[in-house]
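Hi there,

Here is the structure I promised to pass along.

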Amino acid sequence: MKKISFNESVAILVIMLVILGVGVIGFGLSPQVPVLTVIGLLMAWLAFRKVSWKEITDGITEGISTAIVPIFIFLLIGSLIAVWIKAGIIPSLMFLGFHLISAQFFVPSVFIVCSLVGVAIGTGFTTVSTVGLALFGMGTTLGVNPALTAGAIISGAVFGDKMSPLSDSTNLASAVAGSDLFAHIKNMMWTTIPAFVVSLILFAALGLTNQGSSMSSITKTSAVLTQNFSVSWWAALPIILMFVCAWRKLPTIPTLFLNIFVSIVMIFVETPSFAISKLANLIESGFVAKTGNKAVDALLSRGGISSMMGTVSLIIMTLALGGILMHEGIIANSMKPLIERLKKPGRLVTTTILSGIGVNLFVGEQYLSVILPGNAFRTAFKRISLSPLALSRVLEDGGSVINYLIPWGVAGSFVASTLGVPVLHFLPFTFFSLLSPIFSILSGFTGVGLKWADGRSQKKTVKENSNDALLD
């Protein structure tokens with residue numbers, strides 16, 4: 001087989017993006033069918049290029065292997081949601097929220113609460129599927145646009161995931177760039193704080209236009225919750241346990257298992273006659289609310305392993321596609337010529353950001369959107385004397401935070417399945433994820449907050465790079 005050229009690689013990626021975009025955005029299809037179509041066409045093209053079937057399957061295996069742990073986590077989260085609803089934890093959070101949060105300031109409050117929870121536990125997925133799900137139910141009862149509520153939940157979860165020392169993605173970005181973890185978190189404030197403040201202002205402004213439901217509707221929903229679920233202070237135990245596990249730095253999988261076990265104990269304490277067969281069905285198929293109130297039933301009929309299978313199937317297909325692209329060098333070939341020509345900080349930061357977004361679009365995995373650009377651009381950052389802290393911040397601003405905005409991405413498909421809101425609906429309201437790369441690019445061109453190696457100034461480094469280019 002001949003080596004795949006730059007033009008060929010770019011053409012493949014463009015055609016892929018057109019097919020995915022037309023299918024998902026143009027025809028409104030679920031992402032699974034367009035992704036499967038792209039995989040079939042790519043395999044046909046590789047067969048035409050006389051690539052062996054073993055090469056193709058090796059790429060698929062390599063791609064899917066990166067998601068084995070996340071897939072297992074999603075299955076546990078599906079189980080957790082079901083037992084949390086049955087045990088009255090999510091209904092208790094909703095009931096408490098109705099008495100603490102004003103309808104007028106509901107949207108910015110959601111953003112702040114999810115931000116704090118995200119920083120404390122260090123995982124956006126768990127934040128969305130626990131506290132976020134309860135807040136989403138409150139928003140629906142208050143009459144707030146579901147897409148706006150979802151945008152506030154995701155923005156807060158992404159902020160918390162990004163700024164927490166417990167976060168996998170934050171640790172990964174720091175490790176890939178070779179920077180100190182806490183110095184990395186401190187340096188991210190140059191772009192993260194402006195994005196947070198502007199997002200909060202936008203959520204406050206849009207929240208004021210959603211005056212919400214009348215008090216009678218809130219009172220009615222609260223009554224339905226107390227009549228059909230165990231709403232009490234006892235429900236705080238699993239939430240406290242989740243924070244304790246985060247504080248003790250317990251990994252995600254044992255944390256979820258422990259939380260599921262405690263929630264099951266609560267179910268049997270509340271309902272001693274609850275059959276084992278019903279528990280098994282609850283974990284497998286999810287909770288089905290039968291309160292007589294259609295709105296509450298729609299909100300709280302969720303969870304279960306089966307509810308995650310659509311997300312799991314999409315993740316498997318997307319990462320299989322990404323694995324083939326990486327194994328055959330298509331993504332690397334499309335990036336290489338750009339890396340060799342970048343000599344100015346603004347252009348380098350912008351290109352790295354766009355590369356992270358591109359990996360999210362073509363591979364759909366947030367960790368790879370950090371790893372691939374990080375490995376590809378590390379030498380370029382070093383060549384113009386930019387600090388590893390500059391690279392690690394850019395990797396987060398253009399990598400992990402964007403995955404929530406991709407319909408076929410791991411994070412995007414998970415959130416859409418958990419909250420029941422399509423990605424393209426909440427995307428315009430996920431302000432924090434949209435603003436983070438913009439402020440990062442501005443930092444690259446203005447030099448504000450941009451870290452340089454050995455304390456060198458931007459002016460001196462750019463001048464030296466210009467001289468080096470002339471000598472070359």
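A compact globule of 472 residues would have a radius of gyration near 23 Å, and the protein agrees, because its own value is 23 Å (taken over C-alpha atoms; the globule rule is 2.2 Å times the number of residues to the power 0.38). This is a predicted model, in which local features need pLDDT of at least 70 and side-chain atom pairs count only at pLDDT 80 or more, while totals for chains, interfaces and linings use all residues. Residues are numbered from 1 along each chain as its sequence is written, and side-chain values use heavy atoms, with hydrogens and water left out.

Along its principal axes, the C-alpha trace spans about 80 × 50 × 40 Å. The secondary structure comes to 24 helices and 0 strands (DSSP runs, H or I of at least four residues for helices and E of at least two for strands, numbered from the N terminus). Of the 472 residues, 54% are buried (under 20% relative accessible area, with a 1.4 Å probe and protein chains only).

One helix I looked at is α13, residues 252–270. At 1.5 Å a residue its 19 residues should span 27 Å, and the end C-alpha atoms are 27 Å apart, so the two agree (the expected span is 1.5 Å times one less than the number of residues). Its buried residues include Leu-256, Ile-260, Ser-263 and Ile-267. The buried residues of α13 pack against α4 (68–86), α5 (89–100), α12 (236–247) and α14 (276–285), where contact means heavy atoms within 4.5 Å.

Best wishes

Technical notes:
Buried means under 20% relative accessible area, exposed over 50%, partly exposed in between (1.4 Å probe, protein chains only).
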